[in-house]
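Please consider the sequence and the model shown below. The paragraphs that follow lead through the fold and then turn to its aromatic residues.

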Amino acid sequence: MNKKTLVLGASLKLDRYSNIALRKLVKYNHDTVAYGMKAGEVVGVTIDTQLQHYDALDTVTLYLNPSRQKDYYNYIVSLHPKRVIFNPGTENPELYQILKANGIDYEVACTLVLLSTNQY
C-alpha cells in the first residue's frame, strides 16, 4: 500500500539516515516528498528548502532533533498527516501531546526498520 510520506529533515549526504530513508521509501514505491536545509535531488525526489503544503499525506517521518522541531510544530499539524514517525534521536513528548490534541497518531520507531520488516 502506497503511503505518501514527507521526510522532514532530508539530507543530500548519502550516509545520513534521512537520505537512506528517502531511497528506501522510493524503492518500496511510496510517494515521497522531502524538506531539508539544502536543495537537491535524491533518487528523483526534490528536496524542498521552503515549506510546501502537500495533499493526502499519510506520514511525516522526522529527522530533526527535538530543539529544531519547535519551528515546525504548526507546519506538521497543518499538513494533517495520519501519523508522524519519531526516528531515533527525534523523540519529543511536547510534540506528542500537540499531535494527540490534533488527532494525529505518532510512533516512536525507525522508518528504516518499519520498511525492512514490512510494518510501514
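Which strands does helix α4 lie across? In this predicted model, helix α4 (residues 93–101) lies across β5, β6 and β7, and its direction runs at about 170° to β6.

These strands belong to an open sheet of seven, arranged in the order β3-β4-β2-β1-β5-β6-β7 with mixed pairing. At its edges stand β3 (40–42) and β7, each of which pairs on one side only. From one strand to the next, the twist averages 25°. Another helix, α1 (residues 17–27), also packs on the sheet, where α1 touches β1 (5–10), β2 (32–36), β3 and β4 (45–48). The direction of α1 makes about 160° with that of β1.

Strands of a sheet pair through backbone hydrogen bonds, either parallel or antiparallel. Strands β1 and β2 run parallel and are joined by five bridges, with V7 having A34 in β2 as its bridge partner. Between these two strands the chain passes through α1, and this β-α-β crossover is right-handed. On to β4, strand β2 is joined by two bridges, again in a parallel arrangement; here Y35 stands opposite D48 in β4.

Strand β2 is mostly covered, as five of its five residues are buried. In a regular strand the side chains alternate between the two faces of the sheet. Both faces of β2 are covered: T32, A34 and G36 are buried on one side, and V33 and Y35 are buried on the other.

Further along the sheet, four bridges join β5 (residues 59–62) to β6, and these strands run parallel. L62 stands opposite F86 in β6.

Are the two residues buried or partly exposed? F86 has a relative accessible area of 0% and is therefore buried, whereas Y106, at 32% relative accessibility, counts as partly exposed. Together with Y96, F86 and Y106 form one aromatic cluster.

A charged residue also meets an aromatic ring: R83 lies over the face of Y120, at 4.5 Å from the ring centre.

Notes
Residues are numbered from 1 along each chain as its sequence is written. This is a predicted model: local features need pLDDT of at least 70, side-chain atom pairs count only at pLDDT 80 or more; totals for chains, interfaces and linings use all residues. Side-chain values use heavy atoms; hydrogens and water are left out. Buried means under 20% relative accessible area, exposed over 50%, partly exposed in between (1.4 Å probe, protein chains only). Rings of Phe, Tyr and Trp (its six-membered ring) pair if their centres lie within 6.5 Å; planes under 30 degrees apart count as stacked, over 60 as edge-to-face and the rest as tilted. A charge sits over a ring if NZ of Lys or CZ of Arg is within 6 Å of the ring centre and within 35 degrees of the ring normal. Two strands pair if DSSP finds at least two bridges between them. Axes are lines fitted to C-alpha atoms, for helices over the stretch in contact, and angles run from 0 to 180 degrees between N-to-C directions. Contact means heavy atoms within 4.5 Å. A crossover is right-handed if, with the strands pointing away from the viewer, the path from the first strand over the helix to the second runs clockwise.
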